[in-house]
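Hi,

Here is the structure I promised to pass on. Have a look at it first, and then read my notes below.

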Amino acid sequence: MPSLPLHVAVVCPNNQNQSMEVHRVLSKQGFNVKSFGTEGFVKLPGPTPDKPTIYDFQTMYDKVYHDLLKKDSAFYTQNGILHMLDRNRKIKSGPEQFQSSKDIFDVIFTCKEHVYDQVVEYLNAREQGVCQLVHVINVNIPNNYKKATLGALLICELCHSIQHMEDVDDEITELLQMFEVKTGKTFLHTVCFY
């Protein structure tokens, strides 16, 4: 059984919506959780689809919130971005890039297949130091507020199941197959090492 509580990372492209909603839900359930993004910058919807609003990962949620409030409070209220940023700034100060983290996790959940690929590629390319195993699992979560909440609840259920396993390494494949049947979703899974 993993150390209590399970040390979990949740990763989406920008560390804004999906990963932050999972972060919120898991931390309320007592899990040791951190959330991250994998992209080179944080991209939020802009006034038109071809003109996103872009910030670097060092820009705190509170600063982005106030910046968008000044730019167009009606637009960013209507599309839910201000609500999302308000939630985010209550959880942590700002977005973090996965590739900059030195933390070691029991399980890493990704919210998109291309993010899963980025995480696995990064973990396999870096020098392994402690030879500790980490399970990387992709749970595709569409990038909207309602679907992020549903995805967070699913990942929370998975975490509870993993937390109570006798031997995670032997039992996780069976668990994921059971969840695939239950949910109709397909999960990608691989093992990497630190």
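This is a predicted model: local features need pLDDT of at least 70, side-chain atom pairs count only at pLDDT 80 or more; totals for chains, interfaces and linings use all residues.

Residues are numbered from 1 along each chain as its sequence is written, and side-chain values use heavy atoms, with hydrogens and water left out.

Let's start with the charged pairs. Side chains of opposite charge can pair when their charged atoms come close. I took a salt bridge to be a side-chain nitrogen of Lys or Arg within 4 Å of a carboxyl oxygen of Asp or Glu. By that rule the count is nine salt bridges.

One of them joins the side chains of E21 and R87, at 3.0 Å from N to O. E21 sits in helix α1 and R87 in helix α3, so this pair ties together parts that are 66 residues apart in sequence. (Helices are DSSP runs of H or I with at least four residues, strands are runs of E with at least two, and both are numbered from the N terminus.) Helix α1 covers residues 18–28. Both E21 and R87 are buried, where buried means under 20% relative accessible area, exposed means over 50%, and partly exposed is in between (1.4 Å probe, protein chains only). For E21 the value is 2%. Besides R87, E21 touches Y145, A148, T149 and A152, leaving out residues up to four places away in sequence; a contact here means heavy atoms within 4.5 Å.

H23 is also found in helix α1. With a relative accessible area of 8%, H23 is buried. Its contacts, again not counting residues up to four places away in sequence, are V33, K34, S35, I91 and K92.

K71 and D67 meet at 3.3 Å, N to O. They are four residues apart in helix α2 (residues 61–78), so about one helical turn separates them. D67 is partly exposed at 22%. Then there is K90 with D86, at 3.2 Å, N to O. These two are four residues apart in helix α3, again about one helical turn. K90 is exposed at 64%, while D86 is partly exposed at 22%. Salt bridges with shared partners link D62, D86, R89 and K90 into one network.

Now for a loop residue. P95 lies between α3 (81–91) and β5 (107–110). Is P95 buried or exposed? At 7% relative accessibility, P95 counts as buried. P95 touches N14, N15, Q16, V42, F57, T59 and Y61, with residues up to four places away in sequence not counted. The C-alpha atoms of P95 and Y194 are separated by 23 Å, and these residues are 99 apart along the chain.

Last, the surface. E166, D167, D169, D170, E171 and E174 form a negative patch. Patch members have over 30% relative accessible area and no salt bridge, with like charges joined within 9 Å and nonpolar side chains (Val, Leu, Ile, Met, Phe, Trp, Tyr) within 5 Å. Asp and Glu count as negative, Lys and Arg as positive, and His and the chain ends are not counted. The place of a charge is NZ of Lys, CZ of Arg, CG of Asp or CD of Glu. Accessible areas come from the Shrake-Rupley method with a 1.4 Å probe, and for residues only the protein chains shown count as cover. E171 is placed in helix α6 (residues 168–183) and counts as partly exposed, at 30% relative accessibility.

Cheers
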